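Me: I would like to learn how to read packed helices and paired strands. Can we go through one case together?

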Number of protein chains: 4
Amino acid sequence: MAENPINPTCPADPLLATLLVSCTDKRGIVAGLAQTLSGHGANILDSDQHTDRLESQFFQRIRFDVSDINTDRLTLERAIREVAQRFEMSYRLEFNDRKKRVALFVSKYDHCLHDLLLRHRAGELDCEVALIVSNHGDLRAVAEQYQVPFAEFQMTPGTRQQQEQAELRLLREQRIDLVVLARYMQILSDAFIGEWPHRIINIHHSFLPAFVGGKPYHQAKERGVKLIGATAHYATAALDEGPIIEQDVVRCSHKDSIEDLVRKGRDLEKVVLARAVRWHIEDRVLTYRNKTVVFD
Amino acid sequence: MAENPINPTCPADPLLATLLVSCTDKRGIVAGLAQTLSGHGANILDSDQHTDRLESQFFQRIRFDVSDINTDRLTLERAIREVAQRFEMSYRLEFNDRKKRVALFVSKYDHCLHDLLLRHRAGELDCEVALIVSNHGDLRAVAEQYQVPFAEFQMTPGTRQQQEQAELRLLREQRIDLVVLARYMQILSDAFIGEWPHRIINIHHSFLPAFVGGKPYHQAKERGVKLIGATAHYATAALDEGPIIEQDVVRCSHKDSIEDLVRKGRDLEKVVLARAVRWHIEDRVLTYRNKTVVFD
Amino acid sequence: MAENPINPTCPADPLLATLLVSCTDKRGIVAGLAQTLSGHGANILDSDQHTDRLESQFFQRIRFDVSDINTDRLTLERAIREVAQRFEMSYRLEFNDRKKRVALFVSKYDHCLHDLLLRHRAGELDCEVALIVSNHGDLRAVAEQYQVPFAEFQMTPGTRQQQEQAELRLLREQRIDLVVLARYMQILSDAFIGEWPHRIINIHHSFLPAFVGGKPYHQAKERGVKLIGATAHYATAALDEGPIIEQDVVRCSHKDSIEDLVRKGRDLEKVVLARAVRWHIEDRVLTYRNKTVVFD
Amino acid sequence: MAENPINPTCPADPLLATLLVSCTDKRGIVAGLAQTLSGHGANILDSDQHTDRLESQFFQRIRFDVSDINTDRLTLERAIREVAQRFEMSYRLEFNDRKKRVALFVSKYDHCLHDLLLRHRAGELDCEVALIVSNHGDLRAVAEQYQVPFAEFQMTPGTRQQQEQAELRLLREQRIDLVVLARYMQILSDAFIGEWPHRIINIHHSFLPAFVGGKPYHQAKERGVKLIGATAHYATAALDEGPIIEQDVVRCSHKDSIEDLVRKGRDLEKVVLARAVRWHIEDRVLTYRNKTVVFD
């Protein structure tokens, strides 16, 4: 194990990799992958697997320690690619020495923004918060307070297309891996979303598919539901219809005014979005047929 | 207090009344009612009150002991009627010496039926289960086991209207107060429902308004939600759109097959329906504008 | 209704009062209070009432609008006092034109502190955050960021008594109404607690009475529980044994390390403490026999 | 795949095996097991794995289809035994062509008994309910209704040892695999429990470790908790201290009398016990150091 440069008596964090695979179910996949990793000296720490029998789809997440492999990283990657091709797998391989770079999109509500930034600072979210993007200037001071660069792109019907292009350029320049819509109140164009498949997480303030669209707390009050919810999902071209990553609810009653629902909802939005972001960052989410497999 | 005929040293159960009122909010309602009851020697045990500021509607549930009133029951009832008229209230007055008579409507699923009958036997539901009605003969044996009369009304498109008329006659003959659709898989006609406003409770196996209509567990699986729900509501002409009395959810995941969702859902359906039925029986539910006020 | 000085076309916030009473159960209490308030022209907005039959104790919370009373505030207060004496009630009367002044006690953990300050700023907590008190300097920067005065009282076994005296003097000078121990890691003396009966709220990071004392997450891990909890309670001389105001739990499993429990627990601690503080500030909590009645 | 004797066009249920292993964590375990199963033509359907880093313990559950193995069952079993020895594993291998035989122990409360029997009948519990054992005759009629043999063993201080011996003989004769204490109100001797390590499931009506011992709902009322719970655990010599399999809670308040807590608790007891029994029957539970790993 490598030496820890700061404290040589304490070992450095090991180099870990996470492999996410999905494919049509076949015999021998679990054994094939385990054998390949084991054969290169990688030590499997966690392995989570799921087979959707109805759709005959196989999913697996393997986390393994590569600090003591008997070949090198490139050779191991090549071997994994070879197995993936043999079983016609889609796969993603991530190493813990490269943190994901995240951009937070916000408008005027600040509760999810504060929540994510405080969690990041507390070590709950193992990523870099590279950027805060907004269509308003209101939350610039929050960005400064946490020392995160803030980019404002005001939108008008006339400038929207151009502004989105500028946003996309910035995201590319900044090598952003994940966009989090932390109560971003501007609808993104299909073109924008199309460039970021399954890499934009949105928080919707209802228990989807109930109350799609605007003002879900007003809709909930009007319908007289006894629980309100929040839903974190990947953004797709179809509004509020992308793959759901996480949902939760809280009890309400006839006593709750719209303001009470909004207040209770804020707590839900924060925890539901934070869980979804953390799972994505830790490579725990796979998508298929507009659904997710979450290995939590 | 009256003597208990079985054990004269122990007092009999007191005679209790429950008054449910709703009206446009005005000054002096709470005081007016309290004074009237107090003036007749009734002792207020519980009083729950709610004002919907947005709609300017007032709701109250008062439970009071009338075993020691200094007038008589009729005089008290007349006094309450007078206050109700003064404040233009809708009201309902119920006494605990008259139990509600309940008819359970079922088809082939038996879990809610067993659950309600066992709860009734355990003393959780202070009512008479007068009747089990079904469009199939399958659950006749269950009815016999609990010694409840069973009435079968098979439905075909041609006979439905006539059969519903026969059902209505039976419900009237039996002086039924509440119809519980305990997973009754036959849609009731508007005419039938129209005769029983806010006295038919249905259990829908989803978190309404998500997944209205048929096969909600299949819809939930297809959409990939992370929680499934159940909703007890008063039946209205608009299917699955009546006032919601109670809802609850349980967590699910990609691992759950349709069968797992159905299994988890059964537990939800049972508790959600049972709570709604108990609240109705205990006169805890008021309705307005297609919503409920539940004083639990 | 009084004119709003800032915008004369819009009415000013009405002057509201909250009356909390408790006493041995008797006939006529509800009517007596309602009549008195009504007689002075106060308009009852909400009334919540509870009778503990076992202990024969009566509790009530009444919120009423006094902007249009036909006497004056002093006369109304005198009338309430008179009723209270007649029924031998304990009571508390609060007006919404005087906000409670709150002191937050913290040590090094900052999650509850940020949470309360952000909620306060968002308008969820209708009080003044007058002071942050700590036995360490670590969170001074947070206090400055939210522009709240910060007072540091370092404690050593030798100086503790003297430092607590200084704290008490400061609390008195600052006319503090409520002390919130927002993960304050220093045990308060019985003398200190004795001066603030039912006005110190503590958050304990377990589902009390399970896992009293130190390191409850370690205890939970060791015992192998499937849910972890948090408890907000009034501090009493007996550690972790004061009246419970609010509790909640979250699911955990064999997969959760101590660090995971701590992370999940932080979310619980925040919401449970915030609910308890809000209920106290809104005069929704009554205590008796080491228990609480919460009119939420 | 074998032919289905009843409907030859539809394939028979496949022969499935479940392997549960635990051992000190080592390199190559996952690969070693996967390779062995795969080498014999077994098809891995599900694989769930957990490593407790603190205790350096490895746990795995593998479910695999053995209907098409290229050797025979005995050879496969021998191969698994060989791997287990190599890695010094504890293991258990179960086949779905042998259902577990379950004995339900009851006293006078019938809610858990009805619940388990109805779930069994609904196909939720894939076992044989071989026997109902009681220290009272009260629930004999329930046993008859579900056509399950009923054995009564009345206990007095003088006869207890002898009666327990008779019970043990009966359990052995009946080849019972699992004893479920479905609100059995008689304490079992250490000797009895010692013969059935991790094969006796008890339901305790509190959120353990809170409120051990008798009358937990009374204790909960006395302490003024805001949630009540239920805990299913393996019985051990230390009362209420065995490994916890499942727990859940439900909200309560000052309004709940002891009777309300008992009623709410019944629902909890039923679902918590049923989940624990199902997980045990489906070989999803591993125990170590007085804790469980549940692969749900």
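Me: How are H3(B) and H8(B) oriented to each other?

Reply: Keep in mind that this is a predicted model. In general, two packed helices are described by the angle between their axes and the distance between the axes. Here, helix H3 (residues 111-121) of chain B and helix H8 (residues 258-281) of chain B have axes that come within 9 Å and cross at roughly 45°. H3(B) and H8(B) are therefore oblique to each other.

Me: Is the crossing of H3(B) and H8(B) left-handed or right-handed?

Reply: The two helices H3(B) and H8(B) cross in the right-handed sense.

Me: Which residues of H3(B) and H8(B) meet?

Reply: On the H3(B) side they are B:His111, B:Cys112, B:Asp115, B:Leu116 and B:Arg119. Their counterparts in H8(B) are B:Arg266, B:Glu269, B:Lys270, B:Val271, B:Leu273, B:Ala274 and B:Val277. Sorted by class, this contact of H3(B) with H8(B) has six nonpolar, five charged and one polar residue.

Me: Now the strands. How many residues of strand E1 (residues 16-24) of chain C are buried?

Reply: A residue counts as buried under 20% relative accessible area. Eight of the nine residues of E1 in chain C are buried, so the strand is largely enclosed by the rest of the structure.

Me: Which strand pairs with E1(C) over nine bridges?

Reply: That is strand E3 (residues 57-65) of chain C, and the pairing with E1(C) is antiparallel. For example, C:Thr24 has C:Gln57 in E3(C) as its bridge partner.

Me: How many bridges join E1(C) to strand E4 (residues 90-95) of chain C?

Reply: Six bridges join E1(C) and E4(C), which run antiparallel. Within E4(C), C:Arg92 stands opposite C:Leu20.

Terms used
Residues numbered from 1 in each chain as written. Chains lettered and ligands numbered in written order. Predicted model: local features only at pLDDT ≥ 70, side-chain atom pairs only at ≥ 80, totals over all residues. Heavy atoms only, no water. Axes fitted to C-alpha atoms, helices over the stretch in contact; angles between N-to-C directions. Helix = DSSP H or I, 4+ residues; strand = E, 2+ residues; numbered from the N terminus. Parallel < 35°, antiparallel > 145°, perpendicular 65-115°, else oblique. Left-handed = near helix turned anticlockwise from the far one by under 90°. Contact = heavy atoms within 4.5 Å. Nonpolar A, V, L, I, M, F, W, Y, C, P; charged D, E, K, R; others polar. Buried < 20%, exposed > 50% of the residue type's maximum accessible area, 1.4 Å probe, protein only. Pairing = 2+ DSSP bridges.
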